[in-house]
Amino acid sequence: MKWVIDFLNVGFGEATIIRRMEGRCTYCLVVDGGDVNPMTNPRRCSLEQYLREYEITKIDVLVLTHFHRDHIGGVLPILGHVPIEEVILHLPLPEHVQQSALNDYSTPILGSFTLYAAILNRIDELGIKKTEIVKRLTIVEEDMEFRILTPSQQKWTQLIEELDRLDFTQLDQQEERLTTIDRMLNHASLAILIKNKGNSVALLTSDVGLDYWEPYADEIGKLHTLQAPHHGDASHLSEENLRAWEPRAVIISADDQGTYQLPHAEMEPLIREHSDAQLYYTEALSTIHRMIRVDVTEGTVELVQ
């Protein structure tokens, strides 16, 4: 039995697929969907393209860490084309927001709301099981554990309250609230700790901040693979994190254009100074790979074109 974790090059964004391989894919968990049109850049690989190329006929679980477009943009194209057993999320939209018929891509956050509402409506239309979590959830699949970690109750509650107050019929009066929600989404994201036979294999950090990890310090331990938080944001990773986790590989999910000035120039020196990890970028100026593959069984990292 072989498990692999594939970090797709979706440009600036994240899409990660964990598969069990027994000749063919027999279990598939997807974390986020990225946002990319691979036709504009042959080095990149959309979620839709990946599922087609690897002939994946079913997604067992789809986890949405939060609804920024760079994490969910690739989800809508696969809905209704690849069966999905269950979608796990922690940020439901209030009914008046989900049913607002919003179709506005004039700003990144409005584009994110437009996509997320469309995704949730399509999930409901297709009758896909939707699990909305408030507290952490663990999925066990044979010798693998997928621990879906949640933000503090305070951060989650504050964000839900801001969402409840939204009124898309008066967008000109909502700019401040939209900006607040945009900022809060990162720090209230889901994260995923992957364990194999009790050992920590990978930590998918999404966009969370430093204060996220305190409740989980005792269970993370030493890691093989760390996905650097927030696309290489140096303020979201600390010397203490690196020394506690001792990652062997750190993966930065970013593009080669420096979107939002990420990854930070300070990120690479921070990792090199405080760990012995090998550093990998899903995309950088010199890269030609379309994904980074971690073989859980062998403990290896491969760049796949």
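Two strands count as paired if DSSP finds at least two bridges between them, and with that rule in hand the reader can follow how the strands of this predicted model are joined. Strand 14, made of residues 291-295, pairs with strand 15 in the antiparallel sense over 5 bridges, and within this pairing methionine 291 stands opposite valine 304 of strand 15. Strands of a sheet pair through backbone hydrogen bonds, in either a parallel or an antiparallel manner.

These two strands belong to an open sheet of 8 strands, arranged in the order 6-5-4-3-2-1-14-15 and with mixed pairing. The sheet has its edges at strand 6 (129-132) and strand 15 (300-304), each of which pairs on one side only. From neighbour to neighbour the strands of this sheet are turned by 20 degrees against each other on average, when direction is ignored.

A further open sheet contains 7 strands in the order 7-8-9-10-11-12-13, and here too the pairing is mixed. Its edge strands are strand 7 (137-141) and strand 13 (278-281), each pairing on one side only, and the twist from one strand to the next averages 20 degrees.

Strand 8 and strand 9 run antiparallel and are joined by 6 bridges, among them the one in which arginine 147 has leucine 193 of strand 9 as its partner. Strand 9 is also joined to strand 10 (residues 199-204), again running antiparallel, by 5 bridges, and here isoleucine 192 has leucine 204 of strand 10 as its bridge partner. Strand 9 and strand 10 form a hairpin with 2 residues between the strands, and in this hairpin lysine 197 takes a positive phi near 55 degrees.

Helix 9, which comprises residues 267-274, lies across strand 12 and strand 13 and runs at about 155 degrees to strand 13. Which residues of helix 9 are buried? They are Met267, Leu270, Ile271 and His274. Because these residues cover an arc of only 95 degrees around the axis, they are found on the same side of helix 9. The buried residues of helix 9 pack against helix 8 (239-245) as well as against strand 12 and strand 13.

Another way to read the model is through its aromatic rings, whose pairs come to a count of 11. In one of these pairs, the rings of tyrosine 27 and phenylalanine 146 have their centres 6.2 Å apart and their planes at 10 degrees, so the pair is stacked, given that planes under 30 degrees apart count as stacked. Tyrosine 27 lies in strand 3 (residues 24-31) and phenylalanine 146 in strand 8 (residues 144-149), so this pair ties together parts that are 119 residues apart in sequence. Tyrosine 27 counts as buried because its relative accessibility is 5%, and phenylalanine 146 counts as buried because its relative accessibility is 1%.

Phenylalanine 113 and phenylalanine 168 form an aromatic pair that is edge-to-face, with 5.3 Å from centre to centre and 70 degrees between the planes. Since phenylalanine 113 lies in helix 4 (residues 108-126) and phenylalanine 168 in the loop between helix 5 (153-164) and helix 6 (175-187), the pair ties together parts that are 55 residues apart in sequence. Phenylalanine 113 counts as buried at 1% relative accessibility, and phenylalanine 168, with a relative accessible area of 13%, is buried as well. Both residues are members of one aromatic cluster formed by Phe67, Phe113, Tyr116 and Phe168.

A ring can also have a charge as its neighbour: the charged end of arginine 19 sits over the ring of tyrosine 54, at 4.7 Å from the centre of that ring.

How values were computed: Residues numbered from 1 in each chain as written. Predicted model: local features only at pLDDT ≥ 70, side-chain atom pairs only at ≥ 80, totals over all residues. Heavy atoms only, no water. Phe/Tyr/Trp six-rings, centres within 6.5 Å; stacked < 30°, edge-to-face > 60°. Helix = DSSP H or I, 4+ residues; strand = E, 2+ residues; numbered from the N terminus. Buried < 20%, exposed > 50% of the residue type's maximum accessible area, 1.4 Å probe, protein only. Lys NZ or Arg CZ within 6 Å of the ring centre and 35° of its normal. Axes fitted to C-alpha atoms, helices over the stretch in contact; angles between N-to-C directions. Contact = heavy atoms within 4.5 Å. Arc of directions from axis to C-beta.
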